[in-house]
Amino acid sequence: MQDTKILWADDEIDLLKPHILFLNDKGYEVKTATNGSDAVDIFKSGYIDLVFLDENMPGLTGLETLAKIKAINPDVPIVLITKNEEEHLMEDAIGSKIDDYLIKPVNPKQILLTIKKLTENKRLISEKTSMAYQQDFRNLGMILNDNLSFTEWVDVYKKLIYWELSLEGLEDAGMHEILTMQKSEANVQFSKFIEKSYLDWLKDPEKGPVTSNLLFRKRVFPALESNKPVFFFLIDNLRYDQWKIINSVITDYFRQDEEDSYYSILPTATQYARNSIFSGLMPLEMEKRFPQMWQNDEDEGGKNLYEEQFLADQIQRVLRKECKYSYTKILTYEQGRDMNDTVTNLLGNDLNVIVYNFVDMLSHARTDMAMIRELANDEAAYRSLTLSWFIHSPLLDTLKKLSQKNVKVIITTDHGTIRVKHPSKVIGDRNTNSNLRYKQGKNLNFNAKEVFHIKNPHDAQLPKLHMSSSFIFAKEDSYFVYPNNYNQFVNYFNETFQHGGISMEEMIIPYATYSPK
């Protein structure tokens, strides 16, 4: 490996010879200049890894020299060294995109630490992160065999996502492979946990987590007591890891008050989970209360056309007090722009519900469009695509506007998605629904080990299409395929993002509240 090359410009460079000899002994090659013009010439003459600049030099100042060097190579790390601690100078330096700022007199160890931080940071972080995950790997492995509660499962999932995001930037394929295997094992155990616990939660909700049907009652309606307008954003199909990366942008403008979670009901599909959120009811209750509005899988027509009516009914039935509210669904970029232009008109409401469908469209587009499929070819790319959308979306513009107002903001979703990898054969009649992660129908034929089978849909508070109808849910990262055209089906859907079944990604849902800074 070649020595790290350092350029040090200071009009009193002779006084710094002990520092330079110290760095030479540590294996660094140091080139020196006594003024800014010479420093720029040296920088042009060969590759430099790091630059130290004295702020107060004859001729070109440190900041002027910095500007010229950045014009040649904007990526080179530059450290400004000065005797001056005035605030305006620091602000000018930071605005000029320096990478560090040192006050004279500096000592050799201080210089060495700065060099390591700026030139070896990636390697040091990689080594430390890999070592830390290896230690936590054993702890997580032991925990997964415990009899975990629903809150402990949330902690496990968040820890796995923490490591997934931490390891994402590291070029260590071995660590990525180990984490992927551990996440897969966690989903095996999580699926067993859901099979054992889910129906009990529905029988006695007080002993279970907050689920889709309880979200407004337990979380949203209490937020109205702040006497601030509440803006409830439901970004469709947003997983915890996707929320985590857009959250870093949101917190540039908002103070995060709470990071919480809830569990999606089964099926983890928009028709069931989102309707349940807005109605405050389980699907079976919706079918009984709204026979004209509830759409079963085999019914013609849209499945999420009555969310506003469901919300109005829940406000009247559960909140039981005056509540001025609005409901807006954003399906296109133009609708998002319109929403952004008029959002301040909603400040007079107690509650404003805004549904953003983009992430759902993105996940389906990944299946249907070759270009999107290439762009989102793995978890990291899927997150990156989500972040890119968010940064350039009208939603972020709307949030920026709200950050200037006295409001409370809630961001959540209705269900997540999982990248499916293992086909599971199923046979059903022609009325069996098309979702790849759950099926309902008569006389379903399947591998019992690969599914969560609910023989009586009413046990899961689900409508029963026919007397002999039952539900099956895909577990972990499997997806249902029919034996006919098997290979064609697998080639088309393998490695796509799907929802409707049982996995941490689909069921453990982010829920965050914010206040303007």
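This is a predicted model: local features need pLDDT of at least 70, side-chain atom pairs count only at pLDDT 80 or more; totals for chains, interfaces and linings use all residues.

Biologist: In what order do the five strands of the open sheet stand?

Modeller: The order is S2-S1-S3-S4-S5, and the pairing is parallel. Strand S2 (29-33) and strand S5 (100-103) each have a single partner strand, so they stand at the edges and one side of each is left without a neighbour in the sheet. On average, neighbouring strands of this sheet are turned by 20 degrees against each other, direction ignored.

Biologist: Which strands does helix H1 lie across?

Modeller: Helix H1, residues 17-25, lies across S1 and S2, and runs at about 155 degrees to S2.

Biologist: How should I read a pocket?

Modeller: Rolling a probe the size of a water molecule over the atoms shows where empty space is left. Here the second largest pocket has a volume of about 440 Å³. Its lining consists of 19 residues, and Glu164, Thr180, Glu379, Arg419 and Lys421 are those nearest its centre.

Biologist: Which elements give two or more residues to the lining of the second largest pocket?

Modeller: They are helix H7 (150-168), helix H8 (173-203), helix H17 (379-391) and strand S11 (418-419). H8 supplies the largest share of that lining, six residues. By class, the lining has eleven charged, five polar and three nonpolar residues.

Biologist: At what angle do H17 and helix H18 pack?

Modeller: H17 and helix H18, residues 394-402, pack at an angle of about 55 degrees, with their axes 6 Å apart. H17 is therefore oblique to H18. In this contact, Trp389, Phe390 and Ile391 of H17 meet Leu395, Leu396 and Leu399 of H18. The contact of H17 with H18 has six nonpolar residues, with no polar and no charged ones.

Biologist: In what order do the three strands of the other open sheet stand?

Modeller: Their order is S14-S12-S17, and the pairing is mixed. Strand S14 (445-446) and strand S17 (478-481) are the edge strands, each pairing on one side only. Strand S12, residues 422-427, pairs with S14 in the antiparallel sense over two bridges, and Val426 stands opposite Phe446 in S14.

Biologist: Where does helix H19 lie?

Modeller: Helix H19, residues 486-493, lies across S12 and S17, running at about 145 degrees to S17.

Note on methods. Residues are numbered from 1 along each chain as its sequence is written. Side-chain values use heavy atoms; hydrogens and water are left out. Two strands pair if DSSP finds at least two bridges between them. Helices (H or I, at least four residues) and strands (E, at least two) are DSSP runs, numbered from the N terminus. Axes are lines fitted to C-alpha atoms, for helices over the stretch in contact, and angles run from 0 to 180 degrees between N-to-C directions. Contact means heavy atoms within 4.5 Å. On a 1 Å grid over the protein atoms alone, a cavity is a set of points where a 1.4 Å probe fits but cannot get out, and a pocket is an open set with protein on both sides within 12 Å along at least five of seven lines; lining residues have an atom within 4 Å of a point. Grid points are joined across faces, edges and corners, and a volume is the space filled by probe spheres set on the points. Ala, Val, Leu, Ile, Met, Phe, Trp, Tyr, Cys and Pro count as nonpolar, Asp, Glu, Lys and Arg as charged, and the others, Gly among them, as polar. Angles under 35 degrees count as roughly parallel, over 145 as roughly antiparallel, 65 to 115 as roughly perpendicular and the rest as oblique.
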